[in-house]
Amino acid sequence: MSQPTTATAEDTPPGGPRGPLDRFFDLTGRGSTVPRELRGGVTTFMAMAYIILLNPIILGGAKDINGAALSIPQLTTMTALSAAVTTIVMGLAGNVPMALASGLGINAVVAFQAAPQMTWPQAMGLVVIEGVIIVLLAVSGVRQLIMDAIPLALKHAIAVGIGCFIALVGLVDSGFVTSSAASPPLALGIGGKLSTWPTLVFAVALILMIVLYVRRVPGAILISILAATVLAVVIQSNAKIPARGPGSWGVVTPELPDKYFAMPDFGLFGNVDLFGGFGKAGVITALVVLFTLVLSGFFDAMGTILGISDEAGLVDDKGRVPNLGRILSVDGLSAAFGGLTSSSANTVFVESAAGVGEGARTGLANIATGALFAVTLFLTPLAGVVPAQAAAPALVVVGALMMAQVAKLDWDDLDIAIPAFLTIVFMPFTYSITNGVGAGIVAYTLIKVVRGRAREAGWLLWIVSIVFLLYFGLNVVEEVLGVK
Ligand SMILES: Nc1nc2[nH]cnc2c(=O)[nH]1
């Protein structure tokens with residue numbers, strides 16, 4: 001891929017014999033070094049650390065059918081634990097710079113679709129089953145077959161769509177872009193105006209990151225995140241911006257905590273009722289929830305794995321990813337582990353692209369990211385210091401890098417141009433990677449049919465298209481079947 005790297009003489013792989021770390025992670029083979037991997041891993045952690053705070057807020061804010069809520073401190077521990085374990089396992093087994101944590105798409109399904117119809121252990125039981133189904137699809141080779149069936153052009157479009165999506169996520173999380181019920185639905189800052197301290201911090205961080213990055217300063221992204229965090233803490237200690245409301249920092253208010261250390265509470269571990277949800281909510285309702293979980297988990301991770309691999313230059317000329325079977329299996333296991341820990345399905349995070357932007361190319365970066373998540377198990381108060389405004393510019397800059405893939409598409413070929421465009425725009429516009437993948441695949445198959453080339457799509461894409469049509473029409477199906 002064509003991004004500028006941040007190599008220095010200190011970074012250059014030595015010509016001598018390769019050490020055990022180098023051999024295990026193939027650092028030299030992938031043109032990387034230990035410092036670069038560590039820098040990438042730390043950067044990814046900085047871009048993802050917010051999840052330790054946000055996931056408990058989303059899951060802990062919802063009530064189950066009995067009106068019970070999960071404990072926020074326990075959720076915080078479980079979110080950090082599952083991110084640490086799954087990220088390290090992915091690094092060791094998959095050797096890719098792809099960190100995992102509780103997915104924001106899926107946790108909303110768990111909190112707002114599953115939990116209100118059953119108990120928390122039953123909802124988490126469905127998450128475990130989802131993960132097991134995804135593992136079965138991976139080990140049977142079906143998941144890989146589906147990935148291979150997706151045309152190369154759509155794989156590039158997925159990377160571009162994810163780039164646009166993470167840029168929007170960054171802009172929204174930092175309050176630089178806000179939504180309102182009035183028109184226009186999206187606006188700059190508050191009501192079209194940038195006038196708050198948090199947006200200033202975002203702007204400073206973004207400018208600093210761009211300047212350092214184009215000047216190829218090693219650690220550009222990380223330095224900018226840290227510098228912006230310091231700026232944010234200084235501003236907050238003087239301006240005392242309220243934690244909630246317009247103009248606030250969002251999930252993380254950058255304040256130095258009173259205490260830095262807290263003992264983790266593992267009380268939610270194993271709090272799972274595997275099949276009880278089918279009895280409580282009804283078989284069809286539970287199956288509809290399971291279908292949504294599997295489809296989102298399957299295609300969100302697939303899109304993210306393709307996008308990050310493409311960005312890291314790990315794919316071959318057919319768009320194939322190394323160690324794909326293992327990566328997909330670990331991804332499924334991670335979803336199940338998320339259920340087991342009540343932290344909701346863990347999935348490959350798009351934020352891993354920030355570490356790739358910093359030079360990460362192997363699973364060693366994951367060891368750094370995972371180790372930092374493990375440390376936060378004991379330092380949960382400190383995890384709340386980096387505000388979105390400091391970390392989110394990384395998502396915008398990396399979004400720009402991922403845009404490079406758009407040049408690989410033949411925009412004069414409508415068979416490609418229209419599905420690729422839909423893939424790209426559906427991701428940011430519907431805030432979902434899965435929707436983008438689905439829109440592209442359905443459009444691709446449709447165009448092949450109306451052009452009299454139905455066979456070119458291949459039978460597998462046909463099946464996937466039908467499944468996606470079901471997914472998009474799920475509400476209609478639910479009404480027909482009379483389920484909630
Ligand atoms: N791919 C992916 N990345 C994320 N980053 C935060 N949440 C998510 C998610 O649900 N999926």
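**Helix packing and ligand surroundings**

Helix α4 crosses α15 with left-handed geometry; left-handed means that the near helix is turned anticlockwise from the far one by less than a right angle. The model is predicted, with local features needing pLDDT of at least 70, side-chain atom pairs counting only at pLDDT 80 or more, and totals for chains, interfaces and linings using all residues. Residues are numbered from 1 along each chain as its sequence is written, and side-chain values use heavy atoms, without hydrogens or water.

**α4 and α15**
- α4 (residues 72-94) and α15 (residues 364-376) pack at about 160°, with axes 8 Å apart.
- The two helices are therefore roughly antiparallel (angles over 145 degrees).
- Residues in contact (heavy atoms within 4.5 Å) include Ala80, Ala83 and Ala84 of α4 and Phe373 and Ala374 of α15.
- The α4–α15 contact holds 10 nonpolar, 6 polar and no charged residues.

**α12 and α21**
- The axes of α12 (residues 283-311) and α21 (residues 459-472) come within 11 Å and cross at roughly 125°.
- That makes α12 oblique to α21.
- This crossing is left-handed.
- Phe291, Leu295, Ser296 and Phe299 of α12 meet Val464, Val467, Phe468, Leu470 and Tyr471 of α21.
- The α12–α21 contact has 8 nonpolar, 1 polar and no charged residues.

**Ligand**
- Residues surrounding the ligand (a heavy atom within 4 Å) include Tyr50, Asp300, Thr304, Val348 and Ile433.
- A side-chain N or O atom of Asp300 is 2.7 Å from a ligand nitrogen.
- A polar side-chain atom of Thr304 lies 3.0 Å from a ligand nitrogen.
- Val348 places a backbone N or O atom 3.0 Å from a ligand nitrogen.

Terms used
Axes fitted to C-alpha atoms, helices over the stretch in contact; angles between N-to-C directions. Helix = DSSP H or I, 4+ residues; strand = E, 2+ residues; numbered from the N terminus. Parallel < 35°, antiparallel > 145°, perpendicular 65-115°, else oblique. Nonpolar A, V, L, I, M, F, W, Y, C, P; charged D, E, K, R; others polar. Polar contact = N/O pair within 3.5 Å; in protein donor to acceptor, adjacent residues only side chain to side chain.
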